[in-house]
Amino acid sequence: MTLAAPALQAVKIRPATFADFEAILRLIEACNLADYDSPMVSAEHLRHSWRSSRLSLALDTWTAFDSQGSLLGYAELEHSDAAQFFPLLYLKHTATTDHPSMPDFQRIELGTEFLRRAEKRALSCSTEDAP
């Protein structure tokens, strides 16, 4: 799905796949290094999370790519048995040699879109679990 918001017209959002694994791992590490001075996640940890019965790649993850196919963001919705939901968002905020950084307004719009999708998914999970 391509977004209609002006700042995100060329952004394509879709569920994560194992083909995206390395790019997503690098994005998470970069975001965590910028925010916490530590990568805080390993390939093994992410792989375990993706294979967990509590996470469906098709339903609980979202990736955002620009028109050149560069990863701009990743989000996932973790949930517990107690109907608690934890959205995790990682948005590219540093430039690389082959791709400039996203402007703040574009990151805000993308983050908002990820949260909207996570909320919709959490509500559907809550409805499915209701008696």
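First, the overall picture. What you have above is a predicted model. The protein has four helices and four strands, and from the N terminus on they run β-α-α-α-β-β-β-α. Of its 131 residues, 39% are buried. If you take the contacts with a separation of 6 or more, 54% of them join residues 24 or more positions apart. The accessible surface comes to about 7700 Å², and carbon and sulfur atoms hold 55% of that.

The lining is made up of Cys31, Asn32, Asp35, Tyr36, Met40, Leu89, Tyr90, Leu91 and His93. Two elements give two or more residues each to this lining, helix H1 (21-36) and strand E4 (85-91). H1 supplies the largest share, with four residues. Sorted by class, the lining comes out as six nonpolar, two polar and one charged residues.

Let's start with Asn32, one of the lining residues. Asn32 sits in helix H1. Its relative accessible area is 7%, which is under 20%, so Asn32 counts as buried. Which residues does Asn32 touch once its neighbours within four places in sequence are set aside? The contacts are Asp37, Ser38, Pro39, Met40, Val41 and Tyr90. Two of these partners, Met40 and Tyr90, are also named in the pocket lining.

Phi of Asp37 is near 60 degrees, a positive value in a residue other than glycine. Met40 is not a glycine either, yet has a positive phi of about 60 degrees.

Are Asp37 and Met40 buried or exposed? Asp37 has a relative accessible area of 69%, which is over 50%, so Asp37 is exposed. Met40 is exposed too, because its relative accessible area of 54% is also over 50%. Met40 is therefore an exposed residue that still takes part in lining the pocket, while Asn32, another lining residue, is buried.

| Residue | Relative accessible area | Class |
|---|---|---|
| Asn32 | 7% | buried |
| Asp37 | 69% | exposed |
| Met40 | 54% | exposed |

Methods:
Residues numbered from 1 in each chain as written. Predicted model: local features only at pLDDT ≥ 70, side-chain atom pairs only at ≥ 80, totals over all residues. Heavy atoms only, no water. 1 Å grid on protein atoms, 1.4 Å probe; cavity = no way out; pocket = protein on both sides within 12 Å on 5 of 7 lines; lining within 4 Å. Nonpolar A, V, L, I, M, F, W, Y, C, P; charged D, E, K, R; others polar. Buried < 20%, exposed > 50% of the residue type's maximum accessible area, 1.4 Å probe, protein only. Contact = heavy atoms within 4.5 Å. Areas by Shrake-Rupley, 256 points an atom, 1.4 Å probe, with all protein chains shown as cover.
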